[in-house]
Amino acid sequence: MEPVLEALNRRGVSSSKWAKDLSRQFLLFTHRQWTYRNTTVHYKPSEGKTVAEHEAIDQQVRSLQHLPLNTLLPHHRHLLNKEDFTKLLSGTTTAKQFWVAEVQSSLAEAALMRRLKRVKYRRGTVVKKRHNRTVIVSTVLSPLIPPT
């Protein structure tokens, strides 16, 4: 440390001035870090959400908008209408969250309907073909299934 201080003294900087400048630089550095963290992590610009939450919701919308139409049931295909995306993307984050929930719900319904098509139903029971044998299994979904 001695050679460094001697070199500073030759340039006209005293050790006390050097220490003051160093502590000032530390304070400025930590203040910049604190400001950056507040603006990116804790800042809630609108709708009570952080920037990262807004970006995550936007990413979900962008990934769901590229779904093929045949993944949804016919009465839900209006959700993937291309003209509505520009309106949706410029809308509020809450509207985007509702849209994402609606699309995920319709995907779950489509998956359920695909499963139901593979199975023949009787009221209160499910008749499945397993290993070329018919097996009757009671199901929780049986009250939801329309009578045949």
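The legends below describe close-up views of one predicted model. Local features need pLDDT of at least 70 and side-chain atom pairs count only at pLDDT 80 or more, while totals for chains, interfaces and linings use all residues. Residues are numbered from 1 along each chain as its sequence is written, and side-chain values use heavy atoms, with hydrogens and water left out.

**View 1. Overall fold of the protein.** The secondary structure comes to 5 helices and 3 strands, where helices (H or I, at least four residues) and strands (E, at least two) are DSSP runs numbered from the N terminus. From the N terminus on, the order is α-α-α-α-α-β-β-β. Of the 148 residues, 21% count as buried; buried means under 20% relative accessible area, exposed over 50%, and partly exposed in between (1.4 Å probe, protein chains only). The accessible surface comes to about 11,500 Å², computed by the Shrake-Rupley method with a 1.4 Å probe, and for residues only the protein chains shown count as cover. Carbon and sulfur atoms account for 59% of this surface. Among contacts (heavy atoms within 4.5 Å) between residues at least 6 apart in sequence, 43% join residues at least 24 apart.

**View 2. The largest nonpolar core.** This core has 10 residues: Val-61, Leu-64, Leu-72, Leu-79, Leu-80, Phe-85, Leu-88, Trp-99, Val-100 and Val-103. A nonpolar core is a set of buried Ala, Val, Leu, Ile, Met, Phe, Trp, Tyr and Cys residues joined through side-chain atoms within 4.5 Å. Helix H3 (51-64), helix H4 (82-89) and helix H5 (93-117) are the elements that give two or more residues to the core. H5 supplies the largest share, 3 residues. Leaving aside residues up to four places away in sequence, Leu-79 touches Phe-85, Trp-99, Glu-102, Val-103 and Ser-106.

**View 3. Aromatic pair Phe-85 and Trp-99.** The structure holds 1 aromatic pair. Phe-85 and Trp-99 form this pair edge-to-face, at 5.5 Å centre to centre with 80° between the planes. Phe-85 sits in helix H4 and Trp-99 in helix H5, 14 residues apart, and the pair links distant parts of the chain. Rings of Phe, Tyr and Trp (its six-membered ring) pair if their centres lie within 6.5 Å; planes under 30 degrees apart count as stacked, over 60 as edge-to-face and the rest as tilted. Phe-85 and Trp-99 are both buried.

**View 4. Salt bridge Asp-58 to Lys-96.** The closest N and O atoms of this salt bridge are 2.6 Å apart. Asp-58 lies in helix H3 and Lys-96 in helix H5, so the pair ties together parts that are 38 residues apart in sequence. Asp-58 and Lys-96 are both buried. A salt bridge is a side-chain nitrogen of Lys or Arg within 4 Å of a carboxyl oxygen of Asp or Glu, and by this rule the count comes to 2.

**View 5. Salt bridge Asp-21 to Lys-17.** The side chains of Asp-21 and Lys-17 meet at 3.6 Å, N to O. Both residues belong to helix H2 (residues 15-42), and being 4 residues apart they are separated by about one helical turn. Asp-21 is partly exposed, with a relative accessible area of 35%; Lys-17 is partly exposed, at 44%.

**View 6. Helix H5.** The 25 residues of H5 should span 36 Å at 1.5 Å a residue, and the end C-alpha atoms are 36 Å apart, which agrees. The expected span is 1.5 Å times one less than the number of residues. Buried residues in H5 are Thr-93, Lys-96, Trp-99, Val-100, Val-103, Ser-106, Ala-110 and Leu-116.
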